[in-house]
Amino acid sequence: MLAGIIYTYPIIDAHLLSAAELATLQTFTAACGYEMADQVRLVTTMWDKANGDCAKDTEDRIKAGVWKLLLDSGSRYERFNNTQESAWEIVLGLGDSRKALLLQRELVDIGRELTQTIASRQLFQGATQDKSLLSNNRQPTIQISELSPTDVVILVLGTTGSGTTNFIDKLTGMPPESAMQSLRSCSMGVRAYAYNRGGKRFIFVDTPGFDSLQSRDVILRKVTYWLEISYRGSIRLTGIIYIRRITDTSIPDMELSIFQTFTSLCGEEVADRVRLVTTMWDEADTETAKNTEEILKAGPWKSFLDAGGLVMNDFTTLKGLRGTLC
């Protein structure tokens with residue numbers, strides 16, 4: 001466990017972060033996870049070499065821009081004044097609590113390979129296409145009060161990094177989130193998006209991953225609250241989609257526990273409206289992936305399948321995505 005993480009930035013760089021620097025910050029954020037955010041210190045250096053007014057303007061822009069998501073999530077900003085006293089003040093301010101990085105939890109608790117982690121995927125993805133962490137061209141979310149009993153409401157659940165948001169993006173045609181936006185979304189909670197197709201309005205309900213960014217109890221409370229309020233408004237679910245990465249070849253105890261939580265949330269009475277979807281087949285070895293799928297179908301997914309649930313794995317095309325809903 002780590003007591004803290006210190007991320008430094010030279011205040012004499014008056015320009016906005018370059019694409020490479022943005023990519024580094026995104027990878028750093030993806031490795032930490034927002035649960036670790038309160039143990040992060042964002043530190044500016046070289047104040048003794050900076051022009052006062054220019055440096056203060058740079059500081060304000062960074063805090064209001066690329067560092068805002070981390071600061072809003074509990075990270076603290078500090079200035080390093082190039083003295084031993086200043087350095088120790090930053091270190092001692094971290095306190096004694098210890099936490100694991102999201103990267104550590106992915107590797108150890110979930111059993112992912114390094115190349116399968118969110119941080120690794122972000123590293124290879126590089127900076128976002130629009131070079132801005134805060135731009136967001138995604139459509140507005142739908143509030144529960146805006147739902148109608150005639151809507152086709154689909155609840156989408158899964159573990160962190162399994163592709164729940166990407167699934168909804170492909171169905172609705174929304175642009176993909178950057179890693180920073182994705183991590184922020186995970187910390188925000190349940191979000192619903194509307195999409196009109198074939199004379200019907202589909203509502204896709206995106207949820208935080210059950211395994212990494214927040215405690216499972218917190219996530220479960222958010223999901224059940226949304227379900228309770230919508231149910232009181234006579235809104236009924238048409239279906240539930242549970243998403244899992246086929247590239248995760250092992251099934252650790254944490255995942256089994258997560259699926260038990262999912263089973264308890266649904267109840268086997270609605271199993272025929274459940275679709276168990278495996279993703280990332282285009283990144284997997286075919287034989288290994290098929291073997292993993294068979295293990296899931298014969299093991300943790302068996303009770304749902306016996307009760308009428310279906311397994312879907314054609315997720316790489318729009319036809320496959322839409323077939324999931326039929």
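Reader: Is Arg61 buried, exposed or partly exposed?

Author: This is a predicted model, where local features need pLDDT of at least 70, side-chain atom pairs count only at pLDDT 80 or more, and totals for chains, interfaces and linings use all residues. Residues are numbered from 1 along each chain as its sequence is written, and side-chain values use heavy atoms, with hydrogens and water left out. Buried means under 20% relative accessible area, exposed over 50%, partly exposed in between (1.4 Å probe, protein chains only). Arg61 has a relative accessible area of 34%, so the label is partly exposed.

Reader: Which side chain does Asp57 meet in a salt bridge?

Author: A salt bridge here is a side-chain nitrogen of Lys or Arg within 4 Å of a carboxyl oxygen of Asp or Glu. Both partners lie in helix H2 (residues 52–64), four residues apart, about one turn of the helix. Helices (H or I, at least four residues) and strands (E, at least two) are DSSP runs, numbered from the N terminus. At 3.3 Å, N to O, the partner of Asp57 is Arg61.

Reader: How many residues apart in sequence are the parts that Asp38 and Lys99 tie together?

Author: Asp38 and Lys99 form a salt bridge, with the closest N and O atoms 2.8 Å apart. Asp38 sits in the loop between helix H1 (19–32) and S2, and Lys99 in the loop between H4 and helix H5 (102–108), so the parts they tie together are separated in sequence by 61 residues.

Reader: How many salt bridges does a search of the whole structure find?

Author: Another example pairs Asp306 with Lys302, at 2.8 Å between the closest N and O atoms. Asp306 is exposed at 56% relative accessibility. For the whole structure, the search gives twelve.

Reader: What is the strand order of the open sheet?

Author: Two strands pair if DSSP finds at least two bridges between them. S2 (residues 40–45) and S3 pair in the parallel sense over four bridges. Strands S1 (5–10) and S3 (76–79) each have a single partner strand, so they stand at the edges. The three strands, with parallel pairing, have the order S1-S2-S3.

Reader: What angle does the direction of helix H4 make with that of S3?

Author: Axes are lines fitted to C-alpha atoms, for helices over the stretch in contact (heavy atoms within 4.5 Å). Angles run from 0 to 180 degrees between N-to-C directions. Helix H4 (residues 84–92) packs on the sheet and touches S1, S2 and S3; its angle with S3 is about 170°.
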